[in-house]
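Please open the model in a viewer and keep the selection tool at hand.

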Amino acid sequence: MSEIIDFYTRIKYKKDNMIKEDDILDDLDIYDAILELEYDTIVYYDEKLLTLQGRANWSYARTFSPSQERNELQEVAKNKGIDNLYYIFCSYSLSMGIVYGIINFDINNNAIYEKIFKKENYEEVLEKLAPGLVKKFQIFNEGEEYFDDGKDLDDIVEEMNDKISKYCYQEFIKFINETKLEELNFNC
């Protein structure tokens, strides 16, 4: 069984040789096709910033593996005059780590290009963010089950997940702002 990862994404697109920043999900045909392609579901995390949150199977790029759903998205996008869909993303899981990258769905050539820009070790980041929580987690794993604060293992795991999620989102927003799609070469 492959691992389920969490991710944040911001979708931009190229049409008429210009990269568009507006909300592509306002188009109901595109919205329906994108929802069909996603592994689990995709929802707005921050509608004002047009950031989305979802889950994927092992790697976010695998979402775009050849399939009927991908073909349908390609056909809808092509009919709308869209040349490229750019998924700027941050995915994270304990075993896969934290990954920042861009997936370019080249509609006209039916090709997917993924560029990874940065990777971080999940455990190292968590250790920096919340060393006390990590220590409590380790103690629970060693069999000790009592803390004065009344938290159990599920509470600690939830708190660690919350911290890493907030960290990833903050770094993701920085990544979006630093990314210049016009300057990237995906044909490699």
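The stops below concern a predicted model.

**Stop 1: strands β1 and β4**

Select residues 4-15, which form strand β1, and then residues 51-57, which form β4. These two strands pair in the antiparallel sense, with six bridges between them. Within the pair, Asp6 stands opposite Arg55 in β4. Show both side chains: Asp6 and Arg55 meet in a salt bridge, with an N to O distance of 3.3 Å. The two partners lie 49 residues apart, Asp6 in strand β1 and Arg55 in strand β4, and the pair links distant parts of the chain.

**Stop 2**

**Stop 3: Arg10**

Return to strand β1 and select Arg10. Arg10 counts as buried, because its relative accessibility is 6% and buried means under 20%. A polar atom of the Arg10 side chain lies 3.4 Å from the backbone oxygen of Leu49. Beyond its neighbours within four places in sequence, Arg10 is in contact with several residues, including Glu21, Leu50, Tyr86, Tyr87 and Phe172. Select Lys12 and Glu21 as well: together with Arg10 they are linked in a network of salt bridges.

**Stop 4: the nonpolar cores**

Which residues have the most contacts inside the largest nonpolar core? They are Ile24, Ile34, Tyr60, Leu73, Ile82, Leu85 and Tyr87, in a core of 26 residues. At least two residues of this core come from each of β1, α1 (28-37), β4, α2 (68-79), β5 (82-93) and β6 (97-106). A second, separate core has 25 residues, among them Cys90, Leu133, Val134 and Phe175.

Now centre the view on Tyr87. Leaving aside neighbours within four places in sequence, Tyr87 is in contact with residues including Thr9, Arg10, Ile34, Tyr60, Leu73 and Ile102.

**Stop 5: residues 85-103**

Select residues 85-103, which an unreviewed UniProt entry lists as "transmembrane region". In the model, this stretch is 0% helix and 84% strand, and its end C-alpha atoms are 8 Å apart.

**Stop 6: further salt bridges**

The structure holds eight salt bridges. Select Asp27 and Lys80, whose side chains meet in a salt bridge at 3.0 Å, N to O. This pair links distant parts of the chain, 53 residues apart: Asp27 is in the loop between β2 (18-20) and α1, and Lys80 is in the loop between α2 and β5. Asp27 counts as partly exposed at 24% relative accessibility, as does Lys80 at 28%.

Finish with Asp162 and Lys166, which form a salt bridge whose closest N and O atoms are 3.2 Å apart. Why are Asp162 and Lys166 separated by about one helical turn? The reason is that they are four residues apart in helix α5 (residues 153-178). Asp162 is partly exposed, with a relative accessible area of 38%, and Lys166 counts as partly exposed at 47% relative accessibility.

Key:
Residues numbered from 1 in each chain as written. Predicted model: local features only at pLDDT ≥ 70, side-chain atom pairs only at ≥ 80, totals over all residues. Heavy atoms only, no water. UniProt positions renumbered as here; feature names shortened; annotations may be inferred. Buried < 20%, exposed > 50% of the residue type's maximum accessible area, 1.4 Å probe, protein only. Polar contact = N/O pair within 3.5 Å; in protein donor to acceptor, adjacent residues only side chain to side chain. Contact = heavy atoms within 4.5 Å. Core = buried A, V, L, I, M, F, W, Y, C linked by side-chain atoms within 4.5 Å. Pairing = 2+ DSSP bridges. Salt bridge = Lys/Arg side-chain N within 4 Å of Asp/Glu carboxyl O.
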